[in-house]
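Subject: Structure handover

Hi,

Here is the structure I promised to pass on. Please open it first, then read my notes below with the chains in view.

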Amino acid sequence: MTGVWDDDVVEAADVRASSAPAGITETQDGPGMPAALETVPETAPETALETVPEPVPGGPALAVSSRGRDKGAVVTPSERPGEALLPAPSEDDAVFEICDLSIDYGLGPGALHAVRHADLMLRRGRVLGLAGESGSGKSTLVYGATRLLRQPGVVSGGSVRLYSRRRGEEGRVVDLLAASERELRRIRWSEISVVLQSALNALNPVSTIESEFDDVLKAHRREMSRKTRRERAAELLTMVGINADRLRDHPHELSGGQRQRVMIALALALEPQVVIMDEPTTALDVVTQREIIEELIGLRDRLGFAMLFITHDLSLLIELADEIAVMYAGRIVERAGASTLYRSPRHPYTHGLLNSFPPMHGETRRMTGIPGSPPDLAAVPAGCAFRPRCLYAMERCGTEAPALVPLDGEEHEAACFLHSGDVAVPGELAR
Amino acid sequence: MTDNASLAPALEARGLTKHFTFRHGLLSRRGRVHAVDDVSLVLAAGTVTAIVGESGSGKSVLARMLARIVMPSAGELYLMGEKVVLGQKGRRQYASEVQLVLQDPFASMNPVHRVRHSLVRPLRIHHTAGPDLEESVKDLLRRVALSPPERFIDKYPHELSGGQLQRVSFARALAVHPHVLLADEPVSMLDVSIRLGVLNLIGDLRDKERLAILYITHDIASARYLADSICVMYAGEIIERAAASTLTDSPAHPYTELLLSAAPDPARGQPTPLPTRGAPPRLVAPPPGCRFHPRCPYVMEICKTTPPPPVTVDAGHEASCWLRLPAGERRPEASSQASLPMVRGGPGLHARKEVASRNEP
Amino acid sequence: MSAITETTARQEGPLPETPETPALAREDTARRHRALVLPRSPKVILGVVIVGIFVILMVVGPWVAPYSPSSTQFAASLHPSAAHWLGTTVLGQDIFSQLLVGARATLIVGFVAGLIATVLSTVIGVTAGYIGGPTDDGLSLVSNVFLAIPGLPLLIVVESYLPAHDQSNSFIIGAVIALTGWAWGARVLRALTMSLRNRDFVEAARIIGERRARIIFSEVVPNLLAVLASSFLFTMLYCIGAYVALAYIGVTSTAVWNWGTMLYWAQANNAALANQWWWFVPPGICIALVGMGLALLNFGIDEFINPRLRAAGLTRKVVRRSRLSNRPRLGLTPVLGRPA
């Protein structure tokens, strides 16, 4: 399982071009998709429609998949600037790499395996989305990787590396699992920073916003004078869209959205190379959430950090992330570029999850989501953990746990036996 | 799905208002929070009406007033066409008709009691159990698709998942045989993959049991999926209401537009940039005129001084926005006239707005 | 009906599923789940043993005492010896017998007083906290007054007004002591009830039309049991202290043997000046031991309430065997195979 990232890095553009025909071959759609073709013309150019053999009645999913094919066939600066305008990912861009990471709660036979054999790679200037439901281990994964996980969490295997890209230390590699406490302290915040969900609890209620910035800068930038520190704090606050005169305010004087912005500004104070966001917008309203995400993308474009965005909201991730990893019961079950994942999910769980978000356009039809409930980590079923909820479960799924394997030579991986070549792939997982 | 029967609506609210007063500072200056201002609403049997709004828009307070957990400062409630006398008296009788399901399934079940207790209590209080109490409890569990009921009846809340608990919450509400079901963000605390199950359950209760349902949410996509009509609340007021797909496809109020552009929607290629920024007003001193005007990209002079009347945009579609009136009719006095020739109709939308009280200082 | 049946019941284990467990409700439900798990920590076991020994003493003390505690048949001021394990008083009484006999009254009064005080504080605190408004203002005023009045002087005054035969009645003395001991618990319970009052499950009970008294006793109080138990232990400790103090200054009947009266006689006869340590040290140690036992027991309750104290799954033995640092440090998650 390890090494997939190192060895199989392919130019993304090539991947898209070569994968296009594969997308066209399947035209059959899931049952009961009423016609909503009026949404197609405004988003999909003529060329896209031509590639479809006959315009079968297709719901919104079809409209999007044809648009996606168009993008695959002609590689132009597309609607997703993050994907097309940034240089294609290469090995050199890697800043943070998680390999085969396993994390347990507790030790010995009673231990819960919260994360098993997870691989992730963050690249400079890119947003990696990590999606999963509660108990999927998504937070545990990043807390364990940064070694912030509390008792009784234990990292039980794997490696986590930070590739420094700072001027003067190019090529420096830090192994986070072997690092001393002192080294970790140095790296955290200045190289890797984390933004938590509850900004209200993270900010000290009795100190001003300014002193929060001051503390961070004083600890990590000893050379800065008091005046420079204040100027820097004002600059950071302005950067996230808050007026600098709010520096003297206390956290309770700010709204929830403003507090979360302050947290983001604090996380960026030392210009880290990796920013980890753990459900940073879940507690916020949709409008505030959108404002903050616009802000984040702007900052990412300007500062070029790598971002790991953790959330349960897959529909949000598809708009935000360049690449998405989906976790289920402690394992990464699918990983692909954001639009690829949306257009052609390969794992039944991803497919079900995508079908759990009611669409904003087209006819409303009854949707079913995923039957059953997410598993308890203490009693994950043998074999594939998704088997009890899976519509396509086979005998093999009960005994073996599928590994995450690359599909169709794409930058697309899924952990599902349906794609092992032994069985016919259901239409909705082969689009 | 639609219900145009000319029966009296199951529950109707007219001009519901809630102002919380609080003492401010040492000098005991009294302040008032305008949590809900003059909201009128009709819930008809066999329909789902959705209220969409951000936190602080007053949607939860509205639900609690409708459930008579919070006493309104002003306004009237009509249950099956009969005026409800507000106060502690008759609360229990009212509870047997109108039930509220809360947001957090983990918190709304007492951790020390089994599922059985949660369901037996309402059956006992309202004498709605059949000859066999145990069988009535099991029936309730089956109605919310928790079967076989034997598996769930003796469980403690911590032994059930969020989705199962929320079903138990619905079963508890159904135990009293209500005609009206109010659901305050019933799926927002649940995992994504099990939300649809609960939404479909609500839809089934509407279709099969003809309940009048109020679905409160911040997620406009789920409102579109489930509801027949949607009301959008902003800063304590309903600013737009229409049939569900009408509202999401052709919003008439700038705030609804803002909400729609902010909601995640993977089907659009790239998120549209937000038309405007800023936060909802503080409800202690809501802005004069239209409460949305400080954020509105189309703000006009009149918006800053006079609250807009509800304007009928289309049959069953009304929006409280000056933009929706022809330029010549945008006069302050219009705010007390425009509502009169209002068209009523559309699924679940029999809106009445008493605008007179709107102009009080 | 195509609504989904959820087939797999999910068990919430004692472990947090994410590093930050936001759902408080899950924590206290998990606590109930462990209600029958016996305490494992050595502290709690020690507490159970100490309190157990004294409870046995309370029951059998007067029967196993070698001599009558009041009998003056022995030589005065004997040092501890095989015949008199703790020596004798200046009046020639066997101190070991006094200690054994005195345990009963001391502990019974402490227990009764603790019980009454806890019941009082529950009724007053929970009512004030749940109902709020003027009721709360009134009840809070009363409990604040009782908190502000110095307990011991009040006790002395009340106690000295009691008829002589009541001064030897454990239950009446207990009730009087409880009068000064309930206020603190009432304040704690009031605060907790105020936070429970706004919890969703209480609101849900209101929504289905449950009556107020029923909500208080069936929905609120069961959630306070752990705190009530803890409050009971500490109140009992306070009451034992108060009773001993009263007996020591001679306000209660000297005819009843308890550890306080022993100290009273020791003081009255200048035992300390005469260096007769065997007279006043043993009752002092017993009082301290009972206090310690109750406090240790309370740790057990704390462990039920606060899951962080349990360090679930990481017992010291397992940690040592895996050669991890056994001193957990924040922000340094251990890595197996790489000792920190």
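From the N terminus on, the elements of chain C run α-α-α-α-α-α-α-α-α-α-α-α-α. That comes to 13 helices and 0 strands. Keep in mind that this is a predicted model.

Chain C has 340 residues, and 48% of them are buried. Now take its contacts with a separation of 6 or more. Residues 24 or more positions apart account for 67% of those. Chain C exposes about 16,200 Å² of surface. Carbon and sulfur atoms supply 67% of that area.

Next, chain A. What does its secondary structure contain? Chain A has 16 helices and 12 strands. Of its 431 residues, 57% count as buried. Look at the contacts in chain A between residues at least 6 apart in sequence. Of these, 68% join residues at least 24 apart. The accessible surface of chain A is about 17,000 Å². Carbon and sulfur atoms hold 51% of that surface.

Two residues in chain A deserve a stop.

Start with A:Met394. You will find A:Met394 in a loop of chain A, between helix H16 (348–354) and strand S11 (405–406). Is A:Met394 buried, partly exposed or exposed? Its relative accessibility is 23%, so A:Met394 counts as partly exposed. The cut-off for buried is under 20%. Which residues does A:Met394 touch, leaving aside neighbours within four places in sequence? A:Met394 is in contact with A:Phe417, A:Leu418 and A:Val423. Take the last of these partners. A:Val423 is 29 residues from A:Met394 along the chain. The C-alpha atoms of A:Met394 and A:Val423 are separated by 9.8 Å.

Then go to A:His117. This residue sits in strand S2 (residues 112–123) of chain A. A:His117 is not a glycine, yet its phi is positive, at about 50°. Why point that out? Because most residues other than glycine have a negative phi. A:His117 has a relative accessibility of 34%, so A:His117 counts as partly exposed.

B:Met80 has a positive phi, near 50°, and is a residue other than glycine. Where is B:Met80 placed? B:Met80 lies in the loop between strand S4 (74–79) and strand S5 (82–83) of chain B. With a relative accessible area of 35%, B:Met80 is partly exposed.

Stay in chain B for a helix pair. Find helix H3 (residues 115–125) and helix H6 (residues 162–174) of chain B. Their axes come within 8 Å and cross at roughly 20°. Angles under 35 degrees count as roughly parallel, so H3(B) is roughly parallel to H6(B). The crossing of H3(B) and H6(B) is right-handed.

Which residues make the contact?

- From H3(B): B:Val115, B:Ser118, B:Leu119 and B:Pro122.
- From H6(B): B:Val168, B:Ala171 and B:Arg172.

What kinds of residue are these? The contact of H3(B) with H6(B) has 5 nonpolar residues, 1 polar and 1 charged.

- Chain C, for its 13 helices and 0 strands.
- A:Met394, for its contacts with A:Phe417, A:Leu418 and A:Val423.
- A:His117, for its positive phi.
- B:Met80, for its positive phi.
- H3(B) and H6(B), for their right-handed crossing.

Best wishes

Technical notes. Residues numbered from 1 in each chain as written. Chains lettered and ligands numbered in written order. Predicted model: local features only at pLDDT ≥ 70, side-chain atom pairs only at ≥ 80, totals over all residues. Heavy atoms only, no water. Helix = DSSP H or I, 4+ residues; strand = E, 2+ residues; numbered from the N terminus. Buried < 20%, exposed > 50% of the residue type's maximum accessible area, 1.4 Å probe, protein only. Contact = heavy atoms within 4.5 Å. Areas by Shrake-Rupley, 256 points an atom, 1.4 Å probe, with all protein chains shown as cover. Axes fitted to C-alpha atoms, helices over the stretch in contact; angles between N-to-C directions. Parallel < 35°, antiparallel > 145°, perpendicular 65-115°, else oblique. Left-handed = near helix turned anticlockwise from the far one by under 90°. Nonpolar A, V, L, I, M, F, W, Y, C, P; charged D, E, K, R; others polar.
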